[in-house]
Amino acid sequence: MSWEAVIGLETHVELSTRSKMFCGCPARFDAPPNTNVCPVCLGLPGALPVPNREAINRIIRIGLALNCSVTGRSVFHRKNYFYADLPKNYQISQFDLPVCVDGYLDVGGDHPGRVGIERVHQEEDTGKSTHMGGDGRISAAEYSLLDFNRSGVPLVEIVTRPDIRSAAQARAYAQELRLLVEALGVSDARLEEGSIRFDANVSVRPGPEAPLGTKVEIKNMNSFRSLERAVAFEIGRQTACLDGGERIVMETRHWDEEAGVTRGGRTKEGSSDYRYFPDPDLVPLELDQDWKDEMAALLPELPARRRSRYEGMGIDPAQAATLAGADVHLRGLFEGAVEAGARPQQAGNWVSGEVVAALRSSGRESLADSPLSGPNLARLLAMVEDSTLSGLAAREVLAGVLAGEGTPEEVASARDLLQISDAGVLEAAVEEVTADHTEEFARLCSGEQKLIGFFVGQVMRRTRGKADPKLAGRLIRERAGL
Amino acid sequence: MPIDIDIAHVARLARLRLSEEDLEAYGRQCRDLLEHVARIQALDTEGVAPTSHPFPMTNRFREDLVTPDSVLDRGEVLAQAPSTEREFFRVPPALEDD
Amino acid sequence: MAPFTVMGAARALRGGAVTSVQLAEQVLKRASMVEAQVHAYLTLDSDGLLQAAAEADEALASGGGRGPLHGIPIALKDNMATRGMETTAGSKILAGYHPPYDATAVVRLRRAGALVTGKTNLDEFAMGSSTENSAFGPTRNPWNTDRVPGGSSGGSAAAVAAGTAFGALGSDTGGSIRQPASLCGLVGAKPTYGAVSRYGLIAFASSLDQIGPLTHTVEDAAVLLDAVNGPDPLDATSYPGDLPRSDGRLGRGLEGMRVGVVSDLGGLEAVEPDVDASFRKMVAAMEREGARIVDASLPAAPHALSAYYLIAPAECSANLARFDGVRYGLRVDGATTEEMMSRSRAEGFGPEVVRRVLMGTFALSAGYHEAFYGQAQKVRTLIRRDFARAYEGCDVLVSPTSPTTAFPLGDRTEDPMSMYVSDVFTIPSNLAGHPAVSVPIGLDRRELPIGFQVMAPALGEPVMFQAAEAVEALAGFDTRAPYDPGFGLRGGVR
Ligand SMILES: [Mg+2]
Ligand SMILES: [Zn+2]
């Protein structure tokens with residue numbers, strides 16, 4: 001039988017506010033263990049939470065960017081469950097009145113589609129458990145060590161409708177969401193550091209009209225690749241189960257990256273009775289139109305819009321997607337170069353190709369505070385266009401500009417890289433190389449056209465790359481009488 | 001409404017490890033009390049909004065500022081803990097689905 | 001004669017008649033005489049008190065530090081966090097816990113100049129009406145040590161009644177300040193919800209808990225309350241606006257005041273005849289003083305007790321989840337985190353706490369949430385509406401504070417419901433978030449104090465204390481009785 005996969009994703013995004021969700025501790029957990037803690041985020045007796053306004057602002061912006069409606073009234077609930085790294089043994093979260101509901105995110109690329117967003121709600125993070133002994137696996141650990149620096153860091157949870165139909169589409173959604181969150185500037189949005197975490201709900205059914213199958217929740221995927229692999233594995237596991245006449249058990253499974261499989265845990269009865277109720281320590285949120293308008297005005301250009309704007313400049317879709325997903329400095333460089341007159345496609349190719357490569361070899365992290373400006377890049381590209389610089393020389397000039405040696409013109413002349421376009425000078429060079437390679441020249445003269453490349457190369461060598469290759473080619477051809 | 005308490009399940013949810021005898025006694029007491037307080041179900045509350053807070057307040061916030069004075073000294077915090085290791089709190093291993 | 005009220009002591013101190021050290025010594029001397037019998041304190045900080053008193057005297061001598069409570073020894077219920085001073089909430093699970101921070105009320109009390117005598121006994125996590133639920137043994141009523149002081153702020157009440165503090169702070173979730181004040185012959189006030197910050201108050205039921213004063217006089221209560229109340233950025237439920245001065249209407253008498261007598265408050269248990277008679281006598285006296293007595297009705301109030309015994313356990317089941325043996329307090333080891341937590345909690349909590357945590361966990365659990373917790377929150381709305389309607393016709397409402405006077409130790413410990421009905425008259429104000437105060441008006445035939453409750457609408461503290469002060473004057477009741485050697489009470493502390 002052929003099965004249709006039905007997938008929903010729950011995404012936890014850690015907000016990069018200065019302070020935590022409900023207390024004045026720094027929202028940084030890379031500090032030495034248990035140093036960014038206070039009575040509130042340690043759950044000491046008597047401590048009370050006071051919500052961070054900026055965290056709510058950011059949740060609203062995420063919701064708006066996901067085309068959600070912002071609810072008028074929103075309530076903080078307590079979600080009750082015991083866990084050693086959850087200091088109060090309840091998490092302040094939201095239940096029936098989240099900040100945002102009913103949105104969508106369009107996913108493009110090879111798996112286009114519209115993924116419905118059910119809700120966007122506030123949460124707080126837990127502390128961090130390190131499982132000791134038993135090679136670090138939770139199931140075999142001898143004991144655990146707790147660090148509460150992360151406890152209370154603001155989280156937003158984004159829950160999709162079960163609209164995703166393949167592992168690849170799940171990945172595409174996740175990547176698009178990360179771009180969006182990054183564009184909003186609300187989170188560090190780094191998967192490897194856990195500032196974005198995905199859980200997937202996966203079920204399969206015989207066809208689009210069939211009722212939803214039993215769903216399984218998968219956790220512990222910390223890259224886009226592992227998300228895609230885990231979902232694909234789980235779809236395969238479930239269809240094999242069903243084909244073999246077995247039934248799917250509702251459970252939470254953990255992705256084992258090394259083994260490439262999902263594993264079920266010991267499922268404890270009744271552990272999902274969270275006994276939600278409104279947190280009596282907190283009062284409701286009233287999200288009026290002024291507040292929503294204020295947040296809407298702060299929304300930057302979002303990735304999907306930016307992509308179509310770039311395509312509108314005449315850039316091919318793949319390049320537009322790459323550029324739109326590039327960091328803010330690379331994008332600024334690109335847009336600055338175009339503004340200064342560079343051809344968009346050429347500027348795009350250079351920014352995502354040569355500039356990224358040059359950055360990498362220069363050892364720089366990003367273009368922040370770099371001397372390479374949009375106008376600089378535009379001038380460099382113009383010099384390539386009018387043959388003042390060869391492609392090779394232009395890359396060297398780029399490195400020089402990045403290293404702070406001056407404008408492209410200054411670097412090119414200081415490094416003696418300006419192209420030789422003077423026919424008289426090149427004529428002499430052509431004469432010399434043909435004299436050095438009489439045999440090849442004779443074959444060229446007899447019509448062996450492919451040797452032109454060889455002679456152009458020789459001229460380039462002799463001029464240390466400065467010759468205008470087009471002009472050199474023309475002169476060689478003339479000399480050979482072709 | 002009939003009140004059917006699985007007191008062992010409730011005790012597990014509340015992380016209270018009680019003896020069989022105690023469970024039985026608490027179950028009986030809770031049932032008695034709940035039968036008494038269940039009388040409120042007879043009240044007509046059709047269309048009545050719940051009060052979760054005596055003052056109808058909304059939007060109480062703090063600004064996004066770090067308050068270094070409220071951050072605690074680690075030594076003082078760990079001194080209260082029943083078990084620590086280096087700069088961490090220490091606990092027995094968790095079950096996976098805890 | 002030594003001063004015994006907060007304001008009496010403050011005036012004597014400012015007038016140079018006594019020093020703060022003498023006040024502290026007076027308190028400590030009384031404690032050495034009566035604590036073995038009364039057991040009001042879990043921690044009596046003699047050294048800290050004497051040292052702070054000496055500093056207060058120095059400050060006064062050099063012209064500094066003249067807060068309204070400057071140099072006055074005040075006791076704190078042991079459910080308020082005090083930095084470096086053991087804070088147990090009367091529970092074994094917190095024995096030995098030294099908080100790294102101070103509750104806001106404690107900070108403000110100290111800022112007003114008060115000296116902390118120590119931490120007073122209470123029913124474990126403030127759950128009870130007799131202070132017999134303390135893990136550290138009961139407190140006894142200074143008026144008759146065979147009897148309970150009420151609860152849960154029984155230690156604070158007993159300390160003030162026994163003269164081992166000039167005033168005290170307690171907390172009131174369903175009557176835990178007013179009922180012990182009533183049973184110990186004191187003034188005890190529960191302010192408007194949100195008037196006093198709850199930051200640092202170990203939560204029992206967050207939407208009901210309020211800190212308030214226990215004192216000998218109405219004036220003392222108003223002054224003590226004003227020293228600690230006001231908005232707190234650390235408590236999102238604290239009232240954000242300016243509060244009226246609690247003593248703003250003192251001395252204005254009863255002329256023209258409309259006083260509502262509630263006919264149907266509670267109604268679950270017969271009020272003791274002496275309590276009823278005293279109450280009626282006082283209402284008649286108020287009328288003679290110019291008050292207009294009107295009938296008032298709170299039709300939903302008979303359901304208040306039920307709503308309370310759903311809401312308070314539900315909230316406490318979550319509030320007490322943090323006591324898990326991980327970061328502080330008692331730990332009983334186990335092979336897994338779950339086992340360690342479950343053992344620590346079963347071992348650390350007393351029976352009343354276990355009962356309420358189980359009740360609350362059940363009331364919130366899947367399938368029962370709406371019928372219990374949801375319905376109770378709606379009943380709360382009905383009670384608020386009833387109050388609003390009643391206050392259209394009157395300025396204050398009055399009732400007995402407690403259906404009975406102090407009962408013998410052990411009398412009600414076997415039957416939780418018999419204990420719970422102690423609070424039928426006090427609970428409605430907690431559910432509504434309104435202020436209420438108990439004032440002593442006399443003794444019953446066993447020479448046990450009787451309390452009279454004055455309730456007011458939200459932020460109505462000024463009119464509430466105005467009425468309470470008039471009642472106090474009409475009663476002419478000597479609250480010093482249990483420790484005045486000349487008073488000659490049978491069974492009282494001497
Ligand atoms: Mg979540
Ligand atoms: Zn904190």
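**Entry 1: helix H5 of chain C**

How many of the eight residues of H5(C) are buried? I started here, keeping in mind that this is a predicted model. I found H5(C) mostly covered, with eight of its eight residues buried. I wrote them down as Gly154(C), Gly155(C), Ser156(C), Ala157(C), Ala158(C), Ala159(C), Val160(C) and Ala161(C). Next I looked at what comes after the helix: H5(C) is followed by Gly163(C), and the phi of Gly163(C) is positive, near 80°.

I then moved to Gly151(C), which sits in the loop between strand E3 (115–120) and helix H5 (154–161) of chain C. Is Gly151(C) buried or exposed? With a relative accessible area of 0%, Gly151(C) is buried, because under 20% counts as buried.

I listed what Gly151(C) is in contact with, leaving aside neighbours within four places in sequence. The contacts are Asp123(C), Gly128(C), Ser129(C), Ser130(C), Thr131(C), Gly175(C), Ser176(C), Gln179(C) and Pro180(C). I also checked Arg178(C): Gly151(C) and Arg178(C) are 27 residues apart in sequence, and their C-alpha atoms are 8.8 Å apart in space.

Then I looked at the bond to the next residue. Most peptide bonds are trans. Gly151(C) and Ser152(C), however, are joined by a cis peptide bond, with omega about 10°. Ser152(C) also has its place in the loop between E3 and H5 of chain C.

**Entry 2: two positive phi values**

I kept going with backbone angles. Most residues other than glycine have a negative phi. I noted Asn59(B), which is not a glycine and yet has a positive phi of about 55°. I found Asn59(B) in the loop between helix H2 (20–37) and helix H3 (74–78) of chain B. Its relative accessibility is 26%, so Asn59(B) counts as partly exposed.

I noted Leu459(C) as well, with a positive phi near 65° in a residue other than glycine. Leu459(C) lies in the loop between strand E11 (449–455) and H15 of chain C. With a relative accessible area of 21%, Leu459(C) is partly exposed.

**Entry 3: H8 and H15 of chain C**

At what angle do the axes of helix H8 (residues 273–288) and helix H15 (residues 461–475) of chain C cross? I read roughly 105°, with the axes coming within 10 Å. H8(C) and H15(C) are therefore roughly perpendicular to each other. Met282(C), Ala285(C) and Met286(C) of H8(C) make the contact with Val471(C), Leu474(C) and Ala475(C) of H15(C). I sorted these residues by class and got six nonpolar, no polar and no charged.

I checked another pair in chain C, helix H9 (residues 304–319) and helix H11 (residues 351–364). Their axes come within 7 Å and cross at roughly 100°, so H9(C) and H11(C) are roughly perpendicular too. On the H9(C) side, I noted Tyr309(C), Leu310(C), Pro313(C), Ala314(C), Cys316(C) and Ser317(C). On the H11(C) side are Arg356(C), Val357(C), Met359(C), Gly360(C), Thr361(C), Ala363(C) and Leu364(C). By class, I have nine nonpolar, three polar and one charged residues in this contact.

Ser365(C) counts as buried because its relative accessibility is 6%. Which residues does Ser365(C) touch, not counting those up to four places away in sequence? I found Asp273(A) and Arg275(A).

**Entry 4: the metal ions at chain A**

I finished with the ligands. Four cysteines coordinate the zinc ion (ligand 2) through SG atoms at 2.3 to 2.4 Å: Cys23(A), Cys25(A), Cys38(A) and Cys41(A). The angles among the four donor atoms are 100 to 116°, and the site is tetrahedral. Along the chain the donors follow the spacing C-x1-C-x12-C-x2-C. Cys25(A) and Cys38(A), 13 residues apart, are both in the loop between strand E1 (4–14) and helix H1 (53–65) of chain A. Both Cys25(A) and Cys38(A) are buried.

His12(A) in strand E1 and Glu123(A) in strand E7 (residues 113–124) link distant parts of chain A, 111 residues apart. I found His12(A) buried at 13% relative accessible area, and Glu123(A) buried at 3%.

Notes
Residues are numbered from 1 along each chain as its sequence is written. Chains are lettered from A and ligands numbered from 1 in the order in which they are written. This is a predicted model: local features need pLDDT of at least 70, side-chain atom pairs count only at pLDDT 80 or more; totals for chains, interfaces and linings use all residues. Side-chain values use heavy atoms; hydrogens and water are left out. Donors are N, O and S atoms within 2.8 Å of the metal (3.2 Å for Na, K and Ca); water is not among the atoms, so sites may look incomplete. Four donors count as tetrahedral if all angles lie between 85 and 135 degrees; four count as square planar and six as octahedral if opposite donors are over 155 degrees apart and all others between 65 and 115; anything else is irregular. Helices (H or I, at least four residues) and strands (E, at least two) are DSSP runs, numbered from the N terminus. Buried means under 20% relative accessible area, exposed over 50%, partly exposed in between (1.4 Å probe, protein chains only). Axes are lines fitted to C-alpha atoms, for helices over the stretch in contact, and angles run from 0 to 180 degrees between N-to-C directions. Angles under 35 degrees count as roughly parallel, over 145 as roughly antiparallel, 65 to 115 as roughly perpendicular and the rest as oblique. Contact means heavy atoms within 4.5 Å. Ala, Val, Leu, Ile, Met, Phe, Trp, Tyr, Cys and Pro count as nonpolar, Asp, Glu, Lys and Arg as charged, and the others, Gly among them, as polar.
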